[in-house]
Amino acid sequence: MKQVLLFLLVFCSVNVRGQNIVTIAGNGINMHNGDNGPATNASITANAFGIFDKFGNYYFVEGPGNRIRKISTDKQISTFAGTGVSGFFGDGGLATAAQFRNPKQLACDTFGNLYITDPGNSRVRKVDFVTNMITTIAGNGTSGYAGENVPATNAQIGAPYSLCNDTYGNLYIGDQTFNTIRKISSTGIITTIAGTPGVIGYGGDGGAATAAELGSLEEIRSDKLGNLYIITGDIVRKITVATGLISTVAGNRTTGFGGDNGPATNAALNAPIALGFDDFNALYIADTKNNRIRKVDTFGIITTVVGNGTADFYGDYGPATSAHIYWPEGIAFDSCGNLYFNDLSNFRIRKVEYSHCGTLGLQVDNASSTININPNPCSSQITITGDISGISIGNVTSQILYSQTYTTTKAEIDMSGYPAGVYIVRVRDKDGGQTVRKVVKE
């Protein structure tokens, strides 16, 4: 066993440096075409919101085309759900035969089941991972605001737009009609956890989220601790799960572009539309009308990480910060920490290569200082030294087993409870660079 693991460690290791950008799907033509072939050859319609399942497959929404498409790990594209016909049909049957009315966002649970907001039908729907059968899991089809503390399928919801799940099995729905966030518990019961129904505004910071005003509700994402982050207008707000209080974490309520390299709460944003979290709990914002993706680190400092502000298509295979992107939307991260986003008006999906590791992981160094991980192979503990700001450990099936922020030059991680095998250890340094290693646990 040890010899096999050592072979994988040596044979699959490559030194690379990156944060370059590349197109992974779409040929720039606005149409639906190319199923069952390479994703880069396919034509895709206005695409929004992408997400990975636990096996590394990527799903994205073609809203006006009323379809969900899938890019498999071998880079082939197919239609996963929807016929392209606008309507409501298909519950209890295969997802490929279903009809939607302008689907918007996706979530994926730990079992691989996919959830889809279907705002034109006032429903949230689920595709079972095993059977590929589609059902409604929230909303009775009547647009309205009714049904607290009842089964979610009995409730009325307006236009369910945004969607996310947390690490505890709860699902959250952003209702754009009634400016509320509703929670479906793991037992299927629906409640309102933020927003004043039907009230448009931006008030309530420092108080209970249930009393806040949530105008222009675009996005919800959960961090690794279960806190919720929400885009409302030109600001990003946070609901702290332990207290239920709401606060602003990015945006100064001024529409524009400014504030890089300073506190995110002093920055100007312009129509932010999507959020994402990397393995170190840094927040990423699709600052859509600024044609940039910006990052808020764990110290609250904002920087631009993708795009130079030019609305165009340019820059593949070059630095992400020099690229031209046009109306970025959904943000997702693969198991290696690479960033994916929907370049909507370029009719492409693009990837920022923070590393080149595949399922087994490759050796990566773009850190500004030396990071050491010893011993390797290990039996019970690894010691990591260097200017450490974050550490995550994943297995070869894309599951993140450990993630923690640090401000230290030495960290000791207990791996005695991990089964023997190969693990991907990613270490972020104080300047944001990454070192990725495969570590063998004997």
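Buried means under 20% relative accessible area, exposed means over 50%, and partly exposed is in between (1.4 Å probe, protein chains only). Keep that handy for the exercises below.

This is a predicted model: local features need pLDDT of at least 70, side-chain atom pairs count only at pLDDT 80 or more, and totals for chains, interfaces and linings use all residues. Residues are numbered from 1 along each chain as its sequence is written, and side-chain values use heavy atoms, with hydrogens and water left out.

**Exercise 1. Work out which side chains R125 pairs with, and whether R125 is buried or exposed.**

Step 1: Start with the accessibility. R125 has 0% relative accessibility, so it counts as buried.

Step 2: Look for salt bridges (a side-chain nitrogen of Lys or Arg within 4 Å of a carboxyl oxygen of Asp or Glu). R125 makes one with D91, at 3.0 Å from N to O.

Step 3: Strands here are DSSP runs (E, at least two residues), numbered from the N terminus.

Step 4: Check for another partner. D118 also meets R125 in a salt bridge, at 3.1 Å from N to O.

Step 5: D91 is partly exposed at 35% relative accessible area, while D118 is buried at 0%.

**Exercise 2. Trace the salt-bridge network that includes R69.**

Step 1: Take the pair first. The side chains of D35 and R69 form a salt bridge with an N to O distance of 2.7 Å.

Step 2: Find where they sit. D35 is in the loop between β1 (20–25) and β2 (37–38) and R69 is in strand β5 (residues 67–71), so the bridge joins parts 34 residues apart in sequence.

Step 3: D35 is partly exposed at 28%, and R69 is buried at 0%.

Step 4: Widen the view. E62 joins D35 and R69 in a network of salt bridges. For the whole model, the salt-bridge count comes to 16.

**Exercise 3. Describe the surroundings of F52.**

Step 1: Locate the residue. F52 belongs to strand β3 (residues 47–52).

Step 2: Classify it. Its relative accessibility is 16%, so F52 counts as buried.

Step 3: List the contacts (heavy atoms within 4.5 Å). Leaving out residues up to four places away in sequence, F52 touches N57, Y58, C108, A332, F333, D334 and Y340.

Conventions. Helix = DSSP H or I, 4+ residues; strand = E, 2+ residues; numbered from the N terminus.
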